[in-house]
Amino acid sequence: MVSHCTLAMLALALTFDSRARAGEIIGGHQAVPHSRPYMAIIERELPSKKASFCDGFLLNKEFVMTAAHCQARSYKVFLGVHNFHHRNGVQEISSEEAYIHGNFINTDTVFKNDIMLIKLPTKAIFNKGVQPIDLPDPGSLSRPKSCLVSGWGKTSLTAKHQSGVLMEVNVTVTDRQCPMEHSYCCDGESGPYRGDSGGPLVCEDGKAYGVVSAFFTPHSGDPSINIFTKISDYASWINSTMKHHGMVN
């Protein structure tokens, strides 16, 4: 159970620190409380010892998935959060154990193989507000269409403060080829934006198909797109990593 002091500090950081961008949902609406029980807020300690934030999602009692570019010295994972000011039922688990995909590449413009698993040394306790989410079947060739992205943060490009409650927005996966391999893409002005890193792309069957990775504006002048790491392409790596490091059955 997270202490009142720690959660209050987290709420202040997410509300007033312009550097904290854990879930900047644009064009969305407030989620029904605890309707996305797989969602996690990840407080990251950077080499500068400053705190920064990403989103993530719970796979089982021991592992949270997020983006590889969210890597840090250490992590505090908050589960069961909807409103930062309502503290009952929130679980805080600290971790220094994270597994980044071996072929992750971070350039000035794109991330490749942008996927990471955080091991929770203390097992998550499942309840109404804390539940895992399923992943698509390995090797699935079907392309999702109607999806949803959730996160905490600013609700417009001009907002000064981030939202204190979980927001969500509907997005549509494009049929055209995504500029990044092993990715899904969504067009449009609505969706995750600068910093909603690591959250899940949840589609029609309620499974997590992608990980929020990047926001990309083509030089061609075409509409900007949101890029999501395609989880099914990494099924073998995910399963072997969790099995080797103590997957809960």
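These legends describe close-up views of the cysteines in a predicted model. Local features need pLDDT of at least 70 and side-chain atom pairs count only at pLDDT 80 or more, while totals for chains, interfaces and linings use all residues. Residues are numbered from 1 along each chain as its sequence is written, and side-chain values use heavy atoms, with hydrogens and water left out.

**View A. The disulfide of Cys54 and Cys70.** A disulfide, defined as a pair of cysteine sulfur atoms within 2.5 Å, joins Cys54 to Cys70 with an S to S distance of 2.0 Å. Cys54 lies in strand E4 (residues 51–58) and Cys70 in the loop between strand E5 (63–66) and strand E6 (74–79), so the link ties together parts that are 16 residues apart in sequence; strands (E, at least two residues) are DSSP runs, numbered from the N terminus. The link is left-handed, with -90 degrees about the S-S bond, and both cysteines are buried, meaning under 20% relative accessible area (1.4 Å probe, protein chains only).

**View B. The disulfide of Cys147 and Cys203.** The S to S distance between Cys147 and Cys203 is 2.1 Å, and their link is right-handed, with 95 degrees about the S-S bond. Because Cys147 lies in strand E12 (residues 146–151) and Cys203 in strand E16 (residues 200–203), the pair connects parts that are 56 residues apart in sequence.

**View C. Cys178, Cys185 and Cys186.** Cys178 and Cys185 form a disulfide with sulfur atoms 1.9 Å apart. The sulfur of Cys186 has its closest cysteine sulfur in Cys147, at 6.1 Å, too far for a bond, and Cys186 is buried at 1% relative accessible area.

Definitions and conventions. Helices (H or I, at least four residues) and strands (E, at least two) are DSSP runs, numbered from the N terminus. Buried means under 20% relative accessible area, exposed over 50%, partly exposed in between (1.4 Å probe, protein chains only).
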